[in-house]
Amino acid sequence: MGTDKNQNLKDRTKLFGLRAIRAARALPRNTEGKVLGTQLIRAATSVGANYRAACKSRSPAEFISRVGVVEEEADECCFWLEMITAAELMPPARLKSLHQEASELTAIMGASRKTAQTGLRS
């Protein structure tokens, strides 16, 4: 990955975390809203933090491992967003764009991991 692409994804994952924080702030202040909001924030901010760590990897194997964590955390965000919708804590339309971004980041990180694995085996 080139540095421009790295910076683009660093910015994108940071913005994703910030958007998740804003969504969590809008949840009801009941037990469900607090728990699901906390889980969403934890997973979403982990996406950006772990992506930055992946960019600093010292080896291809370390990169593969770290980007795998990013993929898992992005997918976990999809789960929490689906739970928020299923629990009727927020209208689905309000979370559609955030869910789409979580899905796209999951796919990007999965493809990056697979590419790196293929390169490691070559």
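This is a predicted model: local features need pLDDT of at least 70, side-chain atom pairs count only at pLDDT 80 or more; totals for chains, interfaces and linings use all residues.
Helix 3 passes helix 4 in a left-handed crossing.

**Packing of helix 3 with helix 4**

- The axes of helix 3 and helix 4 approach within 8 Å, and the crossing angle is roughly 160 degrees.
- Helix 3 is therefore roughly antiparallel to helix 4, since an angle over 145 degrees is placed in that class.
- The residues that form the contact of helix 3 with helix 4 comprise 19 nonpolar, eight polar and four charged residues.

**Packing of helix 2 with helix 3**

- Helix 2 and helix 3 have axes that come within 8 Å and cross at roughly 160 degrees.
- Because of that angle, helix 2 counts as roughly antiparallel to helix 3.
- The handedness of the crossing of helix 2 and helix 3 is left-handed.
- In the contact of helix 2 with helix 3, 18 residues are nonpolar, three are polar and four are charged.

**The largest nonpolar core**

- In soluble globular proteins, nonpolar side chains tend to be buried together.
- The largest nonpolar core here holds 31 residues, and those touching the most other members are Phe16, Leu40, Val47, Cys77 and Ile84.
- At least two residues of this core come from each of helix 1 (3-25), helix 2 (31-55), helix 3 (60-86) and helix 4 (92-121).
- Helix 3 provides the largest share of the core, with 10 residues.
- Ile84, one of the core residues named above, is in contact with Leu27, Leu36, Leu40, Leu89, Met90 and Leu95 when neighbours within four places in sequence are left aside.

**The loop between helix 3 and helix 4**

- Glu88 is located in the loop between helix 3 and helix 4.
- Most residues other than glycine have a negative phi.
- Glu88, although not a glycine, has a positive phi of about 60 degrees.
- Glu88 is classed as exposed because its relative accessibility is 72%, where the class requires over 50%.
- Met90 also belongs to the loop between helix 3 and helix 4.
- Met90 has a relative accessibility of 5% and so counts as buried, the limit for that class being under 20%.
- Apart from residues up to four places away in sequence, Met90 touches Ala23, Ala26, Leu27, Ile84, Thr85 and Leu95.
- Met90 and Gly33 are separated by 57 residues in sequence, while their C-alpha atoms are 9.4 Å apart in space.

**The loop between helix 1 and helix 2**

- Pro28 lies in the loop between helix 1 and helix 2.
- The relative accessibility of Pro28 is 29%, so Pro28 counts as partly exposed.
- With neighbours within four places in sequence set aside, Pro28 is in contact with Gly33, Lys34 and Leu89.
- Pro28 and Met90 are 62 residues apart along the chain, and 8.4 Å separates their C-alpha atoms.

- Thr13 is placed in helix 1.
- Thr13 is buried because its relative accessible area is 1%, against a limit of under 20%.
- Not counting residues up to four places away in sequence, Thr13 touches Val47, Gly48, Tyr51, Leu105 and Met109.
- Among these contacts of Thr13, Val47 is also one of the core residues that touch the most other members.
- Gln117 is located in helix 4.
- Gln117 has a relative accessibility of 25% and therefore counts as partly exposed.

Definitions and conventions. Residues are numbered from 1 along each chain as its sequence is written. Side-chain values use heavy atoms; hydrogens and water are left out. A nonpolar core is a set of buried Ala, Val, Leu, Ile, Met, Phe, Trp, Tyr and Cys residues joined through side-chain atoms within 4.5 Å. Buried means under 20% relative accessible area, exposed over 50%, partly exposed in between (1.4 Å probe, protein chains only). Helices (H or I, at least four residues) and strands (E, at least two) are DSSP runs, numbered from the N terminus. Contact means heavy atoms within 4.5 Å. Axes are lines fitted to C-alpha atoms, for helices over the stretch in contact, and angles run from 0 to 180 degrees between N-to-C directions. Angles under 35 degrees count as roughly parallel, over 145 as roughly antiparallel, 65 to 115 as roughly perpendicular and the rest as oblique. A crossing is left-handed if the near helix is turned anticlockwise from the far one by less than a right angle, and right-handed if clockwise. Ala, Val, Leu, Ile, Met, Phe, Trp, Tyr, Cys and Pro count as nonpolar, Asp, Glu, Lys and Arg as charged, and the others, Gly among them, as polar.
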